[in-house]
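Let's walk through this protein together, one step at a time. Have the sequence and the 3D view ready as you read.

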Amino acid sequence: MAGLDPPLALVAELTHRCPLHCLYCSNPLNLVPQEAELNTEAWLRVFREAATLGILQLLLSGGEPLARKDLVALVAGAVKVGLYPVLITSGVGLDRKRLRALKEAGLAAVQLSFQALEPGLARRLAGGEFLDHKLQAARWVREEGLPLTLNVVLHRLNLHEIETYLDLARDLGAIAIELANTQYYGWAWLNRAHLLPEKKSLEAAYAKVQAWRARNPGVMEVVWVVPDFYAEYPKPCMGGWGATHLVVSPDGRALPCPAALLLPLDFPKVTEVSLEEIWYYSEAFNLFRGTGWMQEPCRSCPRKEIDFGGCRCQAYMVTGDLTATDPVCRFSPWRERWPSPESGGPWPRGRSNPG
């Protein structure tokens, strides 16, 4: 596509394996098995192609990337070609020795997830006794001198802890905390009856975030991921479909966003096509770029180059139509289908992740 910049980041989903069983997990319901994962050499080739394409940042994600025994080799290979590798992890599977090996290989930073800080709630949300180890892992990261970011996925069950998360991040010396209101894909979509908060709860939580920022100016970056399910307009899909990130799934499928595997599309594989060919020329990546694909009301909307019709995954989940206006949008004819605890929307009988 003419005039298209290279991706800002490569998201390498190294595996779908994970010791946690989070109720809100956005991994696809049909996980890639270990035997189908790209091997070490395949990932190193992807990293070389990413550097050639002009990508600088590498997000090592999952599942849980620490489940890969070759993680140190992957970090070293990424650094060798000029990428800036960030580990996105639950911290489970990390010990001091392995962290030092990763640092020596060139790991640049760590993003560590927390589900809750109340032990019982943390156990319920993550499916096991992981909280103490997470806290220890965070301390190790800081003691080794690596930049630390915390990530907390927010929902109805843990919004009340929001000031505690902020205090923890500050006290650990984190450079940032991402307060990520749940994105409803994968298990989160199935469990939305348990997770979707009322609007007044979100407003109260955001007020606490703003007050905390005022009391702690300049301490760290506080990122509030907008909960667009109560917004008037949708978020642009990853800054626009195929605009900012290139995601590679554990089996090598190239995606414009981490949730795209739920869409009935034929995504190219990095084992068959180069990253450059995928990014600039593949049918899947060009499918929703620009505005020519849009139907009404998006086609004539003055916001069409702001939100790009919204999220294709949300549109497909609710309407079954890949080109539909995101049902979050106030102008969407599907708006009434978007579930809400206040509107009595189309709730399922609750379902929990069985792991």
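Which residue forms a salt bridge with Arg100? The partner is Glu144, and the closest N and O atoms are 2.8 Å apart. A salt bridge here is a side-chain nitrogen of Lys or Arg within 4 Å of a carboxyl oxygen of Asp or Glu. This pair links distant parts of the chain: Glu144 lies in the loop between helix H5 (131-143) and strand S5 (148-154), while Arg100 sits in helix H3 (residues 96-105), 44 residues apart. Glu144 is buried, with a relative accessible area of 10%, whereas Arg100 is partly exposed at 41%. (Buried means under 20% relative accessible area, exposed over 50%, and partly exposed in between, using a 1.4 Å probe and protein chains only.)

Before going on, a word about what you are viewing. This is a predicted model, in which local features need pLDDT of at least 70 and side-chain atom pairs count only at pLDDT 80 or more, while totals for chains, interfaces and linings use all residues. Residues are numbered from 1 along each chain as its sequence is written, and side-chain values use heavy atoms, leaving out hydrogens and water.

The count of salt bridges comes to 17. In one of them, Glu37 meets Arg17 at 2.9 Å, N to O. Both residues belong to the loop between strand S1 (9-13) and helix H1 (40-53), 20 residues apart. Glu37 is buried, with a relative accessible area of 12%, and Arg17 is partly exposed at 24%.

Now find Arg170 and Asp167, whose side chains meet in a salt bridge of 3.4 Å, N to O. They are separated by about one helical turn, because they are 3 residues apart in helix H6 (residues 162-172).

Next, look at the sheet. It is open, with 9 strands in the order S7-S6-S5-S4-S3-S2-S1-S8-S9, and the pairing is mixed. Strand S7 (221-225) and strand S9 (254-255) stand at the edges, each with a single partner strand, so one side of each has no neighbour in the sheet. Helices (H or I, at least four residues) and strands (E, at least two) are DSSP runs, numbered from the N terminus, and two strands pair if DSSP finds at least two bridges between them. S1 and strand S2 (residues 57-61) pair in the parallel sense over 5 bridges; the bridge partner of Leu10 is Leu58 in S2.
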